[in-house]
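Welcome! Take a moment to turn the model around before reading on.

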Amino acid sequence: MIWADHAWILPAIPAISFVVLFLFGRKLPRGGDFISVGAALAVFVLFFFVLESHLDWLGAGLGGIRNVGTDWINFDSFVVRLGFTVDSIAIVMVFVVSTVALMVNIYSTNYLRHHGKPEPRYWWYFAVLSLFVAAMLTLVLADNLLLMFVAWEGVGLCSFLLIGFYYERRSAVEAAKKAFVTTRLGDVGLFIGIILFWRATGSFQISDIIAAAEAGRVNDLPQVMGDGYLTLSTLMLFLGAAGKSAQVPFHVWLPDAMEGPTPVSALIHAATMVVAGVYLVARLLPVFEVTPGASNVVLAVGLTTALLAGIMALAQNDIKRVLAYSTVSQLGFMFVALGVGAVGIAMFHLLTHAFFKACLFLGSGSVIHMTEEQDARKLGGLWWRMPVTASTFIISSVALAGIPPLSGFFSKDEIFVATLDGANTVVAILLGVAAFLSALYMARLVIITFFGPPKDIAVIRRAREAAPTILIPLVFLTVLTFLVGFVAFDQVGDALGFPGGINNYVYFPEPHDFHFYNSIAAVTGTVSLLGFLTAWWFFWGRNSRRARAVREFQPRLAAVVENKFYFDEAYQWGIDRAMLPLARIVSWFDRMIVNDTGINAPADATRYAAYWLRYHVTGRIPDYALLMVVGVALAGGLAFLLRG
Amino acid sequence: MDAGEALLLLLLIPGGTMLLTLFVPSRHANVVRWISLIATTATLIDSIWIFAVYDFAEGGYQFDLQYPWIENIAFLGENGISLHLAVDGIAAPLVLLNGLVGFAGVLVSWKITHRVKDFFILFLALFTGVYGVYIGQDLFFWFFAYELAVLPMYLLIVIWGSTNKEYGAMKLTMVLVGGSVLIFVGIFAVFAEAGAGTFDMAVLREVNFGRSFANTFFPFFMIGCGILAGLFPFHTWSPDGHVAAPTAVSMLHAGVLMKLGAFGVIRLGMEILPAGTDFWMPVLLVLGGVAAVYGAISAIHQTDLKFVIGYSSVSHMGFVLMGLGTMNNIGVNGAVLQMFSHGVMTALFFAMVGGLYDQAHTRDIRVFGGLVRKMPLFVIFFGIAGLTSLGLPGLSGFVAEFHIFVGAIDKFPLFAALGILSAALTAIYVLRLMGRAALGPFNPRWESLKEISRWEIAAAIVLIAPIIAMGVWPDPFIDRIAQSVADLPQVEQIGGLFTLSSLTGG
């Protein structure tokens, strides 16, 4: 059995788990959590079989892509396939999804309990978690855009359900709604893009679309648009990607999504679902490359997001929100890599980011679970109460900041190399600023959470190291954070059976060799260290007076940053002042003009006419006789006129 | 396939039951209920059988059955007026839809206690009329059935309705009868122009009506039937009617009655007067597109649950009209899929709202909150209907809307984009409704609410099954519809415009 030919089994397993949990979860012992964990474990193990058979093909020179599937909708020449593809990009993603999903499943069995007692709807949580894993794997393995879209909406639904898991809280419901609607607006673009590509190529198959775009056939349509067609379609797709991956200006939903349980944030809003946009662009990168200007749009959006989100993260006090803005910023880095055409490097950063960010979220979850507090200003001095959590959190932060030899350093360094190769120095410098910011905000978060004097005595009393089921995923992810950066090296890749490092495995159209320039590495490393030093200078212990001084020096600027550049306010204004009034006006129009004037007025006119006419029904013979005479005279006159 | 008696049964079972019920003393309410349930179960089984046995490989009209009634008298010739029944691939899913919604409607009407016998008699009359429209092949009986489906609505709303019911019922009846007048004129115009002395649609379909005649009389059918499908700007009867109507009537009304309108556009307009489609179908597409966006925006502002769903129906029926207006196989196919999908979905919506209203006696979404704590099943079922309406893949709405958008983008890209946008607007009002009423902090005022009754749960399951079936495996529907849609005159066949082989030149 060639596993990669049966990759559909991977999403099928958690899907079955979902069905079982949905129907019987409530009655099963432990809410059936073992089924969900078991499904995740099975996926994790099977991934290696799939990987092995994929590497076998590559070794045998059979090409890296394999499509299998069956038709889902089929009439005449209109076919939608239920097809799965295994190629190197998908392999990277499946590795991320299966690993983080397993860790989060294990972690959740403890996190969703308070003092050993499961929270209400424990079974529902695991059911939706399984559904999410199934949908995410489908998204990753889909060989056509429509199936991808189906799964894309599926993960959006799971995200909605899990953000709104604590639905008794108004804020959680609002956040869930915001996440769904915001991404859904991006999806409008995605769906239009998919249909536009279908119109031009007659296919939903990703491979067909790429072939058509490269052959220049998408712009060949004799009908409308001409040259703009390809640009329009590609940018529409990108709209969807930007919505899902929380790029400016769609980023507003992600920080609010932190209302969900923390493991969900780790899985969905850090490692897997939010990178779906990156994955989509990576998948279709050949199309973006041949579209004039599309790569620059991707680059510009990514860079803007990396910078803005980095700044926003500086002024946040909720641990999870800092991490959320950090995720947004790092997703921006990935889009920058895609913008310069370095798909392997984007996937590499996706890989490393998934592990250290998942670890950070799970670590923050450990803090929140034990202290029941997530405002970093009330934490502090936790490191000696929670040594394992603190050390894994610190290591992951260092990795995120990009200090060698942790994984984040390698992936960020490569993004710089690719940017310098493919774009210009200005972009690289701005990206350097973003990298500096990421070191700064992570160091700030670590300092105010784990160091310094405890700020709240009740919190520090509650703080104890968490249970093994929470710590094992933390340690496992930290180990991965250490190791996964080295897959950049050809020797490491060779030793693992890959055709060299990650750039020789994931590439388009030509493999890039891994270039490790000492000078660039020195610069990026220094930038990160500088970020750490700056954080120390501003936030360590008594130094925080300097941070306060800065804020007092420029209160307006500080307010702008603390209010996240007023994006949320702008949206709220748009909703309150544009959308709801529009709805009110349309409703008013419908009631007053269409109904009361268009429908009721003729009815009322009839009624008044009847009211008036009935006074002529007098019951007196002479009146009737008079009317008859008038009528006959009129009819006669009319007949005379018509005939004459 | 020549088992036309199966079609006759669709009329005889509910019609006969209606007559039988007349003789049941009205104090035996339960007898009436059970008789109606048995009758609708039998018709449901019959409908499923017809849907399953319909031979889609062969296509065309099947189960043909014709009994002449009046012929060779005065202006009537051969088969002047006859009872002619048949289904094609477009009617087959709708027959199934009517079976499902009627069955579910009886289940949710179980709790009606006021004048039970009268209610079920009228309900069955309506139900029979709808079947008559779907399977009728003779304009005379078609029109009779059409009126039979519309008129009992007045009594059903006025006697068992709520909230401004006299106004809603009167408006509904008058507007729909206004549409009927147009259809009536159109039917006689077609009859006279054809000069075949017959109302048999099979004969009339073969007649080649001139372009100017068709252009003149196509709107009689398009607007006359379109009114019933919530055609903008003649749609306001629908939300008001929904709000006033009792639960089961809302279900039939939005679930199957509005489909009669769109179905009439196909049967009378597209089939009999194909020459008129060139000019008029783009108009229908534009009006449908406007209704789709307009209904969705209006729904955002509503606070009454039934108004939200009523405007949502206007929006979704807008998709149907848009799909018909594309005049290509994919779009029309999508329109028929949407008729089915919207039918079961909106019936589910109304069944659930009824379950809530009967306990809470209000439908104002602002006063609810956290209902999931008291009524988890209600929220799950309502949520499934909501997700269907916002076009979540895996449920039937997506399959249908997807076909409509794909069909529309070929010639009307802007309207396809508008349609997709209004599907996103749907997400806003559905989630707003769910967030306000079902989730959030629990409002202690509703401490006394209980889970919906088992009759309603049964109805919901009957309706959810096809939603999921069509969402996951739409082929059985598409197989049947596609063949008949391809047979429609003037419908353009599109598929892939380019194939990969044409790209590589091989």
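Here is a short tour, grouped by topic. Please keep in mind that this is a predicted model. Chain B has 20 helices and 2 strands, and its contact with chain A takes 47 residues from chain B and 49 residues from chain A.

**Chain B as a whole**
- With a radius of gyration of 22 Å, close to the 23 Å that the globule rule gives for 506 residues, chain B is as compact as a globular protein of that length.
- Along its principal axes, the C-alpha trace of chain B spans about 70 × 65 × 40 Å.
- Of the 506 residues in chain B, 63% count as buried.
- Taking contacts in chain B between residues at least 6 apart in sequence, 82% join residues at least 24 apart.

**Where the two chains meet**
- The contact draws on 47 residues of chain B and 49 of chain A.
- On the side of chain B that touches chain A, the elements giving two or more residues include helix H7 (165-194), helix H12 (277-301) and helix H14 (329-360) of chain B.
- H17(B) supplies the largest share of that side, with 10 residues.
- Sorted by class, the side of chain B that touches chain A has 32 nonpolar, 12 polar and 3 charged residues.

**A closer look at B:Leu421**
- You will find B:Leu421 in helix H17 of chain B.
- B:Leu421 counts as partly exposed because it has 18 C-beta neighbours inside 10 Å, whereas a buried residue needs 20 or more.
- Leaving out residues up to four places away in sequence, B:Leu421 touches A:Val188 and B:Val293.
- B:Leu421 and B:Val293 are 128 residues apart in sequence, yet their C-alpha atoms are 7.8 Å apart in space.

**The nonpolar core**
- The largest nonpolar core has 428 residues, and those with the most contacts inside it are A:Ala358, B:Val95 and B:Ala104.
- Setting aside neighbours within four places in sequence, A:Ala358 is in contact with residues including A:Val100, A:Met103, A:Ala266 and A:Leu477.

- Helix H2 (residues 33-59) of chain A has 27 residues, which at 1.5 Å a residue should span 39 Å; its end C-alpha atoms are 39 Å apart, in agreement.
- Buried residues in H2(A) include A:Ile35, A:Val43, A:Phe44, A:Phe47 and A:His54.
- H27(A) is hardly covered, as the count of buried residues among its 23 residues is 0.

Terms used
Residues numbered from 1 in each chain as written. Chains lettered and ligands numbered in written order. Predicted model: local features only at pLDDT ≥ 70, side-chain atom pairs only at ≥ 80, totals over all residues. Buried ≥ 20, exposed ≤ 12 C-beta atoms within 10 Å, placed from the backbone. Helix = DSSP H or I, 4+ residues; strand = E, 2+ residues; numbered from the N terminus. Core = buried A, V, L, I, M, F, W, Y, C linked by C-beta atoms within 7 Å. Contact = placed C-beta atoms within 7 Å. Nonpolar A, V, L, I, M, F, W, Y, C, P; charged D, E, K, R; others polar. Expected span 1.5 Å × (residues − 1). Rg over C-alpha atoms; globule rule 2.2 N^0.38 Å.
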